[in-house]
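Grab a pencil and work through the exercises below. Try each task yourself before you read its solution.

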Amino acid sequence: MRAVLWLAAVAVAFAAADTYVVVLALPDMMAGVGLSIEELQRAAPLISGFLLGYVAVLPLIGRLADLLGHLPVLVGGLVVFAFGSFLTALSWDLAAMVVGRFFQGLGGGALVPATLALVAVLYPAERRGVPLGLVSAVQELGSVLGPLIGAAVLAVADWRAIFVLNLVVGAVLAVAIQRLGRSDAVRGSSRRPDLVALALLLIAGAAYVLLAVEPTALVQDLTWGALYVPAAGSTRWLTPLGLVTIIATLGCLVKCGLRPGVRSVLGRIAAEVDLLGALLLSIALAGVILAFATADPEVAVFSEQGVWYLVAGGLALLGFVFHLRRAQDPIVPRGAFARTPAWGSVLISFFVGAALVAALIDVPLFARTTIYGDSQLKAALVLLEFLVALPVGAVAGGFLTRRLPAGVIAGGGMLLAAVAFVFMARWDADALRSASATVVLVAGGLGFGLALAPVNAAILATTEQSMHGLTTSFTVVARMVGMLVGISALTTVGLRSYYSAQADLPSLSSVCTGGGMCEEYQDLLIGAAIAQEHTVFAGAAVCAWIAALLAVVLLRGAPTRALSPSETVTAL
């Protein structure tokens with residue numbers, strides 16, 4: 001089973017890499033569905049759709065992992081991730097691409113809590129620090145490999161090749177984990193494949209490929225061209241090929257659902273999983289995600305429509321709280337987060353995410369503003385100094401968790417990150433040319449890395465093993481929501497600082513006497529932009545400091561350490 005754990009960690013890293021690959025390939029993806037770079041706001045659903053899949057249903061997936069076992073959720077997550085990659089690679093418009101990205105997020109998000117919970121199954125509480133650190137390190141390594149993989153693929157092929165690679169790797173990992181995870185008894189038995197379901201799946205896949213690719217020979221043929229003529233409107237889904245894709249897919253799902261094993265699993269889910277509670281919680285999370293993911297930071301923390309998203313999410317949350325008090329077996333069992341380190345880990349993860357996103361977004365922005373101009377690649381390479389240090393810190397945090405209290409390690413790490421942000425908030429236009437900037441970036445990455453394993457170890461050590469999938473899913477949700485809220489709020493505050501600094505600038509004509517924009521005035525504009533980044537970094541320092549303080553106070557009682565010889569004698 002430990003081989004399964006490390007394969008699962010590789011899968012988590014690959015799914016994390018996909019997030020950063022997409023950021024790099026976004027302009028090409030937009031062009032592939034007919035959007036120009038000026039229409040960036042219209043491409044926002046590509047990000048929010050992925051986040052909805054990744055976050056909104058994560059508590060339900062965590063509960064399913066506790067109920068059905070972590071192996072089926074790992075394999076299922078990889079299959080869904082590969083399916084989403086298939087849809088994205090062959091998408092012909094924005095709607096199809098958003099659906100594909102949603103399934104990618106759904107599958108990728110399922111991998112994290114299942115993998116963390118698998119660590120808890122394989123290792124006792126006092127020995128989880130190192131494997132949790134290694135899993136966290138591999139996950140964060142994905143953020144380093146993502147841009148490199150994207151750059152390599154885009155250098156030899158178009159953006160669709162990225163998702164074809166995702167499809168292949170996801171399918172291979174799913175098969176490998178399934179084979180390694182089966183018991184000897186299962187290996188010795190053979191289950192007959194459902195040939196009808198397989199045939200329907202192949203028909204649906206072939207029809208979708210033809211629908212997406214639109215081979216010229218078929219489209220222009222007098223007979224076969226009718227396959228591409230919509231029965232109504234102009235959408236491809238209402239063409240004969242689109243209808244075949246839909247009907248064959250539904251038929252495959254129904255046929256699979258009628259199998260005795262699948263029916264028993266579905267019946268168990270219906271009987272034992274609080275689906276109403278899961279739905280209410282998903283709507284509440286979706287409201288938060290959409291409110292901040294659709295925001296224009298130049299205007300407000302969240303958009304005008306975001307207010308209504310928050311209202312809907314708030315109503316769903318009230319309904320969820322009311323439901324928890326009445327449900328016999330709610331999706332979040334009573335007492336699941338009763339111990340302070342358990343709910344404290346979730347709260348700390350929120351502030352860790354809010355601080356982390358400032359480094360991920362604003363360090364490259366600062367690099368482009370000051371020394372690299374329009375070179376996105378060179379600006380991204382500056383961030384690598386931070387990202388490479390992060391997995392190193394995660395491994396170190398895992399080792400330290402065996403000897404030191406979780407709160408001390410996490411608090412120390414976030415304090416180091418806060419200090420790094422304080423230095424970033426004082427950078428001038430030439431700061432990145434100095435070796436001291438590298439020291440600051442490495443220190444910040446190490447600080448964040450140090451906090452990962454102790455926080456995960458604390459929540460695993462203070463919750464029941466039967467709820468580990470659910471409880472760890474909340475730390476992932478909190479971190480992602482913290483990143484969304486953090487980037488929206490910090491960017492809004494930073495932009496106001498920029499506009500304030502820009503308003504204090506002298507007129508263009510008083511600085512540039514020769515007409516046009518002179519170098520002196522450009523330096524003044526850069527100074528205003530630097531003031532914006534300083535504000536963001538200062539806000540991130542506050543978030544990191546809050547996370548450090550909470551870690552020291554709230555994780556104090558988490559039993560995550562291995563006992564020393566003297567402590568063992570005392571305990572006996």
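This is a predicted model: local features need pLDDT of at least 70, side-chain atom pairs count only at pLDDT 80 or more; totals for chains, interfaces and linings use all residues.

**Exercise 1. Work out what kind of elements build the chain, and how much of the chain is buried.**

Step 1. Count the elements: there are 22 helices and zero strands.

Step 2. Check burial. The chain has 572 residues, and 50% of them count as buried.

Step 3. The chain exposes about 25,700 Å², with 68% of that supplied by carbon and sulfur atoms.

Step 4. Ask how far apart contacting residues are in sequence. Take the contacts with a separation of 6 or more: 79% of them join residues 24 or more positions apart.

**Exercise 2. Find the largest nonpolar core and say which residues have the most contacts inside it.**

Step 1. Start with the general idea: in soluble globular proteins, nonpolar side chains tend to be buried together.

Step 2. Here, the largest nonpolar core has 131 residues. F386, M414, F421, W427 and F448 have the most contacts inside it.

Step 3. Which helix gives the most to this core? That's α15, residues 340–372, with 16 residues.

Step 4. Zoom in on F386. Skip its neighbours within four places in sequence, and its contacts are L356, A359, L360, L441, G444, G445 and F448. F386 also belongs to an aromatic cluster with F366, F421, W427, F448 and F537.

Step 5. Stay with helix α15 and pick L347, which sits in it. L347 has a relative accessible area of 32%, so it is partly exposed. Leaving out residues up to four places away in sequence, L347 touches L550 and L554. L347 and A547 are 200 residues apart along the chain, yet their C-alpha atoms are separated by 8.2 Å.

**Exercise 3. Explain why helix α3 can be called largely enclosed by the rest of the structure.**

Step 1. Helix α3 covers residues 58–68, which makes eleven residues.

Step 2. List the buried ones: L58, P59, I61, G62, R63, L64, A65, D66 and L67.

Step 3. Draw the conclusion. Nine of the eleven residues are buried, so α3 is largely enclosed by the rest of the structure.

Step 4. See what follows the helix: G69, with a positive phi near 105°.

**Exercise 4. Say what stands out about the phi of E214, and where E214 is found.**

Step 1. Compare. E214 is not a glycine, but its phi is positive, about 50°.

Step 2. Locate it. E214 is in the loop between α9 (195–213) and α10 (216–219). Its relative accessible area is 32%, so E214 is partly exposed.

**Exercise 5. Identify the residues that line the largest cavity, and the helix that supplies the largest share of them.**

Step 1. Count first: the structure holds one cavity of 30 Å³ or more. The largest cavity contains about 40 Å³ of space.

Step 2. Name the lining: F14, A17, D18, V21, I149, I162, L165 and N166.

Step 3. Assign the helices. Both α1 (2–32) and α7 (160–181) give two or more residues to this lining. The largest share, four residues, comes from α1.

Step 4. Finish with another residue of α1, P27. The relative accessible area of P27 is 38%, so P27 is partly exposed. P27 and W159 are 132 residues apart in sequence, and 9.5 Å apart in space from C-alpha to C-alpha.

Terms used: Residues are numbered from 1 along each chain as its sequence is written. Side-chain values use heavy atoms; hydrogens and water are left out. A nonpolar core is a set of buried Ala, Val, Leu, Ile, Met, Phe, Trp, Tyr and Cys residues joined through side-chain atoms within 4.5 Å. Buried means under 20% relative accessible area, exposed over 50%, partly exposed in between (1.4 Å probe, protein chains only). Contact means heavy atoms within 4.5 Å. Rings of Phe, Tyr and Trp (its six-membered ring) pair if their centres lie within 6.5 Å; planes under 30 degrees apart count as stacked, over 60 as edge-to-face and the rest as tilted. Accessible areas come from the Shrake-Rupley method with a 1.4 Å probe; for residues, only the protein chains shown count as cover. On a 1 Å grid over the protein atoms alone, a cavity is a set of points where a 1.4 Å probe fits but cannot get out, and a pocket is an open set with protein on both sides within 12 Å along at least five of seven lines; lining residues have an atom within 4 Å of a point. Grid points are joined across faces, edges and corners, and a volume is the space filled by probe spheres set on the points.
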